[in-house]
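Me: I have a model to look at. Can you take me through it by question and answer?

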Amino acid sequence: MDEPRTRIEPDRLVHEPSRLSILVVLNAVEEADFVFLQDQTGLTKGNLSSHSGKLEAAGYIEVEKMFVGRVPRTVYRLTEAGSVALQSYREHMSGVLGSLD
Amino acid sequence: MSESIDFGNLDRSARRAGYRDGLLEVFAAIVLSVIALAWLASPPFVGIVSAFIVLYGWKAVEKVKERVTYPRIGYFQERADEPKSTAWGMLAFIVGAFALMVVVVALSGGLSDSAEWRRAAPLVSGLTLAAGFWYAGDHSGLLRHRLISMYSVAGGIALWALGDGASCSGVVWHLTSLAVPLAAIGVWAMLRFIASHPVQAIDG
């Protein structure tokens, strides 16, 4: 009984809508800061911090803190693992939803 | 956050964020005006001016983005993952535009007539600038880029048809006639962008 369940089980980390939004935005740009991610996803600061922390812990995104002049900037980038996870999730969901026909 | 998320729209919105501030149009208007002035001064000077703009122009744009765009919608860098086919497509289009110029000159007066070359020059500038804005429209999804592209072609054809080839004024007119509406559109887009996006708190 385990096998069919495994086949339809998506990557839970990517499947969550807020985290998927972050990955989609970071996949569209080279890099972005916290404000850009918040502006694009519509997430609250707390939610964005929490979800980006989970994605960083999983190695799907990388975070770099820097200063531009005297202004702090936290830059987020999609990692290779994150890109692969997003692509796999896309293919997985296409396959699952396609099988409904 | 809404329960329903349009991920396709989210992807497009992030990819098009760089076009929202109108800076592309303002920068293009400045570049075209400078090239037109250089052309008026001395045509060989155009190459030097163009190279200078290509080398340093985007640095100036980035500085303006740091002051105007990023404090409002956040910092981001566009992804530079253009397929090679795009660059080859653009190159083929520009070569095609020059080939068309040669055909037009050959048909209208002969390849040795320098006046015919000058007369046909707006056709090349019209087509190459149209290609650039059509490409921008592909990325931005903005109708104004498509309209500028079509306007560039129409202007090039009109100036070729009406020109007499006595001077290089056809190209100068074409560049100027594009620069003026581009500047107006860019300033309008920038003012709208500034009005609708207040400066946000700096992230830490």
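**A helix and a contact**

Me: Helix H3 of chain B has 29 residues; what distance between its end C-alpha atoms agrees with the expected span?
Reply: This is a predicted model. H3(B) covers residues 45-73. At 1.5 Å a residue, its 29 residues should span 42 Å, so the value found agrees: the end C-alpha atoms are 39 Å apart.

Me: At which residue does H3(B) bend?
Reply: The bend of H3(B) is about 50°. The residue is B:Lys65.

Me: Against which helix do the buried residues of H3(B) pack?
Reply: Buried here means 20 or more other C-beta atoms within 10 Å. In H3(B), B:Thr69, B:Tyr70 and B:Ile73 are buried. The buried residues of H3(B) pack against a helix of chain A, residues 34-41: H4.

Me: Which residue just after H3(B) takes a positive phi?
Reply: Look just past the end of H3(B). The phi there is about 95°. The residue is B:Gly74.

Me: Which element gives the largest share of the side of chain B that touches chain A?
Reply: The contact takes 23 residues from chain A and 20 residues from chain B. On the chain B side, helix H1 (7-16) and strand E1 (76-78) each supply at least two residues. The largest share is 6 residues, and it comes from H1(B).

Me: In E1(B), what is the bridge partner of A:Glu31?
Reply: Strand E1 of chain A, residues 29-33, pairs with E1(B). The pairing is antiparallel, over 3 bridges. In E1(B), the partner of A:Glu31 is B:Gln77.

Conventions
Residues are numbered from 1 along each chain as its sequence is written. Chains are lettered from A and ligands numbered from 1 in the order in which they are written. This is a predicted model: local features need pLDDT of at least 70, side-chain atom pairs count only at pLDDT 80 or more; totals for chains, interfaces and linings use all residues. Two residues are in contact if their C-beta atoms, placed from the backbone, lie within 7 Å. Helices (H or I, at least four residues) and strands (E, at least two) are DSSP runs, numbered from the N terminus. Two strands pair if DSSP finds at least two bridges between them. The expected span of a helix is 1.5 Å times one less than its number of residues. The bend at a residue is the angle between axes fitted to the seven residues ending there and the seven starting there. A residue is buried if 20 or more other C-beta atoms lie within 10 Å of its own, exposed if 12 or fewer, and partly exposed in between; C-beta atoms are placed from the backbone.
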